[in-house]
Amino acid sequence: MSTSLKHSTSVSSLASMDKGANNDDISLSSLHSHFAHRTAANMVLGPAGPMSGYQSHMRAENRPRQNDVNMERVDNDEERRLRNQPKAKRKKRKNMITANLSGTRYEVIRQMVEHIGFSVAKDDDPTSFLLWNDAFVSTEKISDLKPYQRINHFPGMGEVTRKDNLARNMMKMAKAKPEEYNFVPRTWILPSDYNIIQNYMKDLKAHKKSKTFIVKPSNGAQGHGISLYKNLEKIPAQEHFIVQEYVEKPLLMDGYKFDLRIYVLVTSCDPLRVFLFNDGLVRLSTEKYLPPSENNISHLFMHLTNYSVNKHNEFYEKGASLDAGSKRSIKSFNEYLRRNDYDVALLWRNISDMIVKTMIVAEPHILHAYRMCRPGAPAVSDSVCFEVLGFDVLIDRKLRPWLLEINRSPSFGTDEKIDFDIKSALIEDTIRLLNIKMSDKKKNMTAQKLEAQKRLFRPSKRVSDTEHMTEYDKKRASIERRKDELKELLARVKKAGAREEYENRNRGRFIRIFPCEDKPKQEKYIHLLEAAYTTFMSGRATSMHKEIQLIYNNKLKETDILDMIADCEADEQQGKMNFEGKPMTGSRGPKPLASMPSSEQFRGTDREEDDEESESASPPSTPYNRGTMSRPASVNSRISASRTPNGMGSRPNSGLVQPGGRPIGSVGPNQTRSRQAGGQKLTNIQRSNVDDNFLVNVIREREEELVRRTLQALNDMRIKFPGKSDQEADTILDKLYENWKFHKPRIASYWLVKLDSIKRRKVKCKIMMFLCFLSIQKGIYIFLSHDNFASFPCNVIML
């Protein structure tokens, strides 16, 4: 194709010049000059976007050619119109998301891009947000892309889109998992398998069997070079061909053989995400099918279903609807199956399963090539590549799907109305699912600057430094590595949740088939993915297996990871305090608030009373004189008992009070204790004069009075709403409590990032106070005295 096309070349003339060419060999340079002037398309489409579907497209295809003088005049008018626009309008146009379509010849892509609201770049702009190419894209171009850009090809996808590579990889996986990879007809690759196929022919003759074989070029497209053979001895030995067993009993529609063009979208390979479009094309042959024989083996219009082959037959029918003609929709095909009592759901489960297994074979190659092109990219970054694949699937009479080939550049030509209806919807939903935003550019540029500064100020680590590290430094470095891993995992989990939420809202007519929601099936796919890495990348299989489990089988939630990060920080703080020689008290956990001492302190007070025979007691009219808060000892005894595993306190009889209100030790017939009260000691004779029954009654009355006061105080503290009854207030508080449980991980994540450890503790205290009041309404009582918290029961909800 000549690269010096004039500006007057129309899309139809350009397509005719490239007629018969391979899609993978389209020259990009031949398209640049044609799409440099898009104003002719604007004259057809108008400023409001595309006109009514297929009619506007056909008008654009069949518009008359214009000479160079008229085109220059249109360009001058366009420039003059832009100069006369108000500044605000020009600024708005400048800030639109741009798409570089200089590498595609399909008008429907341009129409859908403008319909969504993107601006098509005039020239080959490498900084556009979206880049669409019909031909192969070099790895250098993918490496140069910015994180906010998207291009419609993956590196390494040729491992399943080239016929010879697909056959080779499928044969390897069939050896590892023969029961799973049995959906591809038996295939040989010439010339390497020439002797094998000749021996196979001899075995067939020995058993007096006859089979038909279809021969295809290894890198062919559009049905070129395909032929059928009964005797493979006629095949040239040195040609690069793919030989497959011919499926002689296909399912027929109205007596014609057909295949399905199924569209599959891959939005990411790290992690792998695959979507199935819920419509497609049914391509029928143009001669009624008969089993292959020596008489009809050369009738390609009978045995081949390629549109590029059958459109040249005089019997080709252009359908006026989606369920008539030589090209029909998959939805009409499903209705045909239902009318004939076929299990449509089972068929599409098998097709989806076949597509996922095929992409699992491609995943090791694609991921390796992608990471080589994008070294240093964060693990949670969006994929700069996506791909729309065309799967060609044949259905036999038993309703079993067979994979024929995969097209990495499926045709988006719209020769008929059915093409425009299906392909325009496919392109529109694809672009929406990519989630391209104007703010991505600024965010990504800021992230790059921060990462560059981080690398610049990062201290260099030498081997000699690590050899002389202390045990404390080694432990701290280990904790830091663990924290970094957890933070990366947390970012992955957040990113996966946000991505899935967006996909569920914007997938349109796409159905996500991997990862799938069926857990047993997902487990099977994970095992197949591990087997694929073992087969194709045995040297890295172990590390990739761990990564697969981490990405696709992670059962940790955000709250779990946040707790693990908090544990690492506590370990780090504990090691620092031990290193500085500061005493550590208690086990690891959140520090108690100043106004909220734990019950351990009171149990420690009781132990001190046991160890010391004589101590100064508090005056009758004052509370404890041990630095603790004023509260009844009976309450302390109940709380201490509730904290022990067996339901009993460390001292069953501790915490009783005298009639004067002073606490005493344990009371029993054979127990005595020396005390000081008002500067005098209680002797054993004086203690024996106290009536035990009277003391027990006084204690019971005192406890009942304290319980009554506590419940009264709790009732006075109830959260009330004006104009609401107690029952309605309880309902409102229950909703608040449920919403709090929902928003708790997000709030915790926010403060984890925004605040340092000191501020975080202060915020945590305030949130704890709020939880306390909610807990009161939920029936979890908190004992108070002198406006201070005394202790918490074990079932109070903690952060």
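These are my notebook entries on one predicted model.

**Entry 1: ground rules.** I worked on a predicted model, in which local features need pLDDT of at least 70 and side-chain atom pairs count only at pLDDT 80 or more, while totals for chains, interfaces and linings use all residues. I number residues from 1 along each chain as its sequence is written, and side-chain values use heavy atoms, with hydrogens and water left out.

**Entry 2: the chain overall.** I looked up the secondary structure and found 28 helices and 19 strands in the chain. Helices (H or I, at least four residues) and strands (E, at least two) are DSSP runs, numbered from the N terminus. The chain has 799 residues, and buried ones make up 44% of them. Here buried means under 20% relative accessible area, exposed over 50%, and partly exposed in between (1.4 Å probe, protein chains only). I noted an accessible surface of about 43,300 Å² for the chain, with 52% of it belonging to carbon and sulfur atoms. Accessible areas come from the Shrake-Rupley method with a 1.4 Å probe; for residues, only the protein chains shown count as cover. Of the contacts between residues at least 6 apart in sequence, 69% join residues at least 24 apart. Contact means heavy atoms within 4.5 Å.

**Entry 3: nonpolar cores.** A nonpolar core is a set of buried Ala, Val, Leu, Ile, Met, Phe, Trp, Tyr and Cys residues joined through side-chain atoms within 4.5 Å. The largest one has 68 residues, and Ile262, Phe333, Ile351, Ile355, Met359 and Phe391 have the most contacts inside it. Helix H15 gives the largest share of this core, 15 residues. I then followed Phe333: leaving aside neighbours within four places in sequence, Phe333 is in contact with Leu251, Met253, Phe258, Leu260, Val282 and Leu347. A second, separate core has 33 residues, including Val108, Ile109, Tyr148 and Leu265.

**Entry 4: H10 against H15.** I checked how helix H10 (residues 163–176) packs on helix H15 (residues 344–373): the angle is about 105° and the axes are 11 Å apart. Axes are lines fitted to C-alpha atoms, for helices over the stretch in contact, and angles run from 0 to 180 degrees between N-to-C directions. H10 and H15 are therefore roughly perpendicular to each other (65 to 115 degrees). Asn169, Met170 and Met173 of H10 meet Thr358, Val361 and His365 of H15.

**Entry 5: cis peptide bonds.** I found a cis peptide bond joining Asp270 and Pro271, with omega about 5°. Pro271 sits in the loop between strand S10 (256–269) and strand S11 (272–284). The bond from Phe514 to Pro515 is also cis, omega being near -5°. Pro515 is placed in the loop between strand S15 (510–514) and helix H20 (519–536).

**Entry 6: positive phi.** Asp341, which is not a glycine, has a positive phi near 65°. I located Asp341 in the loop between helix H14 (330–339) and H15, and Asp341 is exposed at a relative accessible area of 71%. Leu399 is not a glycine either, and its phi is positive at about 65°. Leu399 lies in the loop between strand S13 (387–395) and strand S14 (401–407). Leu399 is buried, with a relative accessible area of 12%.

**Entry 7: Glu485.** I placed Glu485 in helix H19 (residues 471–506). Glu485 counts as partly exposed, at 48% relative accessibility.

Conventions. Parallel < 35°, antiparallel > 145°, perpendicular 65-115°, else oblique.
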